[in-house]
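Please examine the chain shown below. The paragraphs that follow lead through its aromatic contacts, its nonpolar core and its backbone.

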Amino acid sequence: MRFLFKDPSQTLFSNYTQKFKISFLSMGFLCALAPSSHAKLTKDLSAITPVPSTNAATDTTTLNKSSNVSILDIQRYTGSLLSPSGAVTQAGALMMEPYFQSTISRGGYLNNGRVRSNKYRTDSADSFLLIKYGVTNNLSVQITPQVNYYWNGRTTSSTVHFSDLPVELQYRWIDQNNKKYIPSFTTYLGMIFPTGDYTNLGRALDAAGSGSYALRFGVQSQAAYDINNHALRVRLWGVARKPLTSADIRGISNYGTDIGYRGNAKSGLYGNWGFSLEYGITKEWVLAFDFQYDWAKGTRMRGAYTNGPFERYVSAASHDIQIAPAIEYNWTPTIGAIVGAALTIDGHNTNDFVQPQFAINFAF
């Protein structure tokens, strides 16, 4: 999963265009070539499905080729840093995963893709709690409350602020099947509720929301493969967010306006697509890697400053590419941790940043 934390002087809706189709093509290609697949779903949800009882064959970190227990049946995961997970596999299962991260700005990508180093770059400390509950064996509901705090060389946020609140339903249409090489397939549908401060602010760094309701939708697929007696899990996803309402703006706002401004803003469609790889070194230790392409259409602005001319314009579209290497350690099938960092390697009209982070995954 992933949340992008941008400079508050820009809209939160930076970072699914035609690129969305690529995720579907990649999904089919990878799954067709795969020699084996994994039955458990996780990101954030690894191991809700019970594993085989511990015995001499399943408790060893490396299995002998002669063993009739597959490494895919006992491998433990926490889930990569950026990838979304599928629906939980059991009704009544509860997963909680607190994330802690810091966004360190390195400047901003210009329209031509070059990076400009700003004198006062905005950094942040952010935390969110991913909570997922299995309503049925295929349907889950997920809620992700989030708080953040910003600072730069001149000022800071006045306090810690709650951001907008995403609520999402996830339905798994296809279960993974190891023997038939069938990957899972989950769809997402939900809403982002505008609970964060965004207008009439005391200072720009107090911005934490968008001021508009947004529809969330997307797809995710995953499978795991036995590579030389080591498990390799692959995830593919594509998600988008469609703002449904405009935001009334007064004075200092999340949309870059200042004192004396009155108007409204409506952000365009935005989202991301990507893939993740998780390679089991042992049953407990896993190397993880994410590739993510974020995109956003421009924001429509209408309004004026006191005694100024009425303005109507659409801000420029933006994109960035992130990679996120990480390492996981899973004490049990239901408790694990991940540590790593996401960083941008390309983009335009958006921030250039490094985002160290860690998370702990609990399944009940």
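How many aromatic pairs does a search of the whole structure find? In this model, which is predicted, the search finds 11 aromatic pairs. A pair of aromatic rings is described by the distance of the centres and the angle of the planes. For Y261 and Y305, the centres are 5.0 Å apart and the planes make an angle of 70 degrees. The arrangement is edge-to-face, because planes over 60 degrees apart are placed in that class. Y261 belongs to strand 12 (residues 261-267) and Y305 to strand 15 (residues 299-305), so the pair ties together parts of the chain that are 44 residues apart in sequence. The two partners can also be described by their accessibility. Y261 has a relative accessible area of 3% and is therefore buried. Y305, at 32%, is partly exposed.

Ring pairs also join W273, F275, F291 and Y293 into a cluster. A contact of another kind involves Y77: R233 lies over the face of this ring, at 4.0 Å from the ring centre.

The next topic is the nonpolar interior. In soluble globular proteins, nonpolar side chains tend to be buried together. In this chain, the largest nonpolar core comprises 10 residues: L81, L82, Y99, F128, A288, A324, A326, I338, A342 and A359. Two or more residues of this core come from each of strand 17 (318-332) and strand 18 (335-348).

Over the chain as a whole, the secondary structure amounts to two helices and 19 strands. Of the 364 residues, 53% are buried.

Two positions in the backbone remain to be considered. Most residues other than glycine have a negative phi. N200 is located in the loop between strand 8 (184-193) and strand 9 (214-227). Its relative accessible area is 60%, so N200 is exposed. N349 likewise is not a glycine and has a positive phi of about 55 degrees. The loop that holds N349 runs between strand 18 and strand 19 (350-363). With 22% relative accessibility, N349 counts as partly exposed, because the buried class requires a value under 20% and the exposed class a value over 50%.

Methods
Residues are numbered from 1 along each chain as its sequence is written. This is a predicted model: local features need pLDDT of at least 70, side-chain atom pairs count only at pLDDT 80 or more; totals for chains, interfaces and linings use all residues. Side-chain values use heavy atoms; hydrogens and water are left out. A nonpolar core is a set of buried Ala, Val, Leu, Ile, Met, Phe, Trp, Tyr and Cys residues joined through side-chain atoms within 4.5 Å. Buried means under 20% relative accessible area, exposed over 50%, partly exposed in between (1.4 Å probe, protein chains only). Helices (H or I, at least four residues) and strands (E, at least two) are DSSP runs, numbered from the N terminus. Rings of Phe, Tyr and Trp (its six-membered ring) pair if their centres lie within 6.5 Å; planes under 30 degrees apart count as stacked, over 60 as edge-to-face and the rest as tilted. A charge sits over a ring if NZ of Lys or CZ of Arg is within 6 Å of the ring centre and within 35 degrees of the ring normal.
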